[in-house]
Amino acid sequence: MTGPPVLRTLVRWSASATALGELALVLCLASGTRVPPVVRVGVGLVTLAAVVAMATLLAVDCRRHRRTGLGWRPAVVAAVADAVPTLVRRLVAHEARLFTSSLRWVTRRGPHGVRAGDTAVPYASGQAAVMYGLLFVSVVETVALAYLIPWPLLHAITLVVDVWGVYLVIALHASCVVRPHVIGADGSLRLRYGVLLDIRVPAGHIAAVRVDRRFPESGLAAVDAHGAAELAVASQVTVTVELREPVVFVRPLGGSARAHTLRFHADDPAAAVAALRARAALDAT
């Protein structure tokens with residue numbers, strides 16, 4: 001009975017080691033470092049073996065789930081969940097959402113997740129100056145290190161990391177622009193921070209809402225001793241929502257949290273409060 005789990009673990013570790021080996025090989029080639037042909041052939045053979053092993057494991061898991069009555073698509077999804085660690089799946093999904101958010105921002109396709117009758121509540125302009133300042137510093141650092149580091153391999157590694165850091169700053173801000181908070185036509189509330197956070201609050205859970213400007217020092221969506229979660233932007237929240245029932249949500253690093261009160265930032269807090277009171281049929285007092 002320990003055979004399949006052991007095999008699955010070996011395949012996972014071999015795939016991770018192969019990915020690191022491929023990355024090291026690419027960096028060596030990019031930096032001009034001479035790589036012996038036997039090493040390149042060896043890395044290629046190991047990569048091929050890891051791909052074949054992973055494909056075989058996925059096929060076996062998919063067939064097993066199909067025998068339980070699942071369709072092809074649910075069976076493939078379940079097989080991937082069995083074979084790929086949760087952290088890896090979360091990271092891949094995070095990068096995919098960042099990329100699609102950047103494309104939506106560049107192509108000006110409009111806000112994500114805002115349907116007919118919903119009201120978008122932007123919040124990204126509050127952090128624009130900070131994000132663009134961070135972007136400027138990242139670009140200056142990338143250019144400076146490109147001239148200062150003399151070793152080819154270290155130069156290539158640093159350049160890749162710095163370019164990815166510049167992209168990350170742009171993509172994160174873009175995701176905040178195209179993924180605003182949403183007040184649903186039914187009075188529900190969806191609070192987001194880019195691709196990092198997504199909290200859904202049914203209309204029946206909302207007891208009161210008010211403009212409430214604060215400057216919290218806690219981390220994103222951290223729940224304090226009073227059960228309040230704060231979604232600060234540029235260290236500021238402007239709206240407080242009190243709930244009849246607590247909501248459970250997933251924090252950016254994957255941990256679960258439970259909150260009775262939600263505080264978030266809105267570029268126009270008065271308009272957001274008025275829209276939510278009207279949709280959720282709340283007393284203005």
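Q: How many disulfides are there by the distance rule?
A: The count comes to zero disulfides, where a disulfide is taken as a pair of cysteine sulfur atoms within 2.5 Å. For background, a disulfide is a covalent bond between the sulfur atoms of two cysteines. Bear in mind that this is a predicted model, in which local features need pLDDT of at least 70 and side-chain atom pairs count only at pLDDT 80 or more, while totals for chains, interfaces and linings use all residues. Residues are numbered from 1 along each chain as its sequence is written, and side-chain values use heavy atoms, with hydrogens and water left out.

Q: Is Cys62 buried or exposed, and what about Cys176?
A: Cys62 is buried at a relative accessible area of 10%, and Cys176 is buried too, with a value of 1%. Buried here means under 20% relative accessible area, exposed means over 50%, and partly exposed is in between, using a 1.4 Å probe and protein chains only.

Q: What is the confidence of the model?
A: The mean pLDDT of the chain is 82, and 83% of its residues reach 70 or more; pLDDT is the predictor's confidence in each residue, from 0 to 100. Among the elements, helix α1 (residues 3–31) has the lowest mean, 60, whereas strand β2 (residues 181–183) has the highest, 96.

Q: And how many helices and strands are there?
A: The chain has seven helices and eight strands, which are DSSP runs numbered from the N terminus, with H or I over at least four residues for helices and E over at least two for strands. Of the 285 residues in the chain, 36% are buried.

Q: Now the charged pairs: how many salt bridges does the structure hold?
A: It holds six salt bridges, each being a side-chain nitrogen of Lys or Arg within 4 Å of a carboxyl oxygen of Asp or Glu. In general terms, side chains of opposite charge can pair when their charged atoms come close.

Q: Which residue pairs with Arg210?
A: Arg210 forms a salt bridge with Glu242, with the closest N and O atoms 2.7 Å apart. This pair links distant parts of the chain, since Arg210 sits in strand β5 (residues 206–214) and Glu242 in strand β7 (residues 237–250), 32 residues apart. Arg210 is partly exposed at 30% relative accessibility, and Glu242 is partly exposed at 31%.

Q: What about Glu230?
A: Glu230 forms a salt bridge with Arg263, the closest N and O atoms being 3.3 Å apart. Glu230 belongs to strand β6 (residues 228–231) and Arg263 to strand β8 (residues 256–264), so the pair ties together parts that are 33 residues apart in sequence. Both Glu230 and Arg263 are buried.

Q: And where does Arg190 come in?
A: The side chains of Arg190 and Asp198 meet in a salt bridge at 2.6 Å, N to O. Arg190 counts as buried at 13% relative accessibility, whereas Asp198 is partly exposed at 32%.

Q: Changing topic, what does Val182 touch?
A: Val182, which lies in strand β2 and is buried at 4% relative accessible area, touches several residues, among them Gly113, Asp118, Leu189 and Arg190, not counting residues up to four places away in sequence. Contact means heavy atoms within 4.5 Å.
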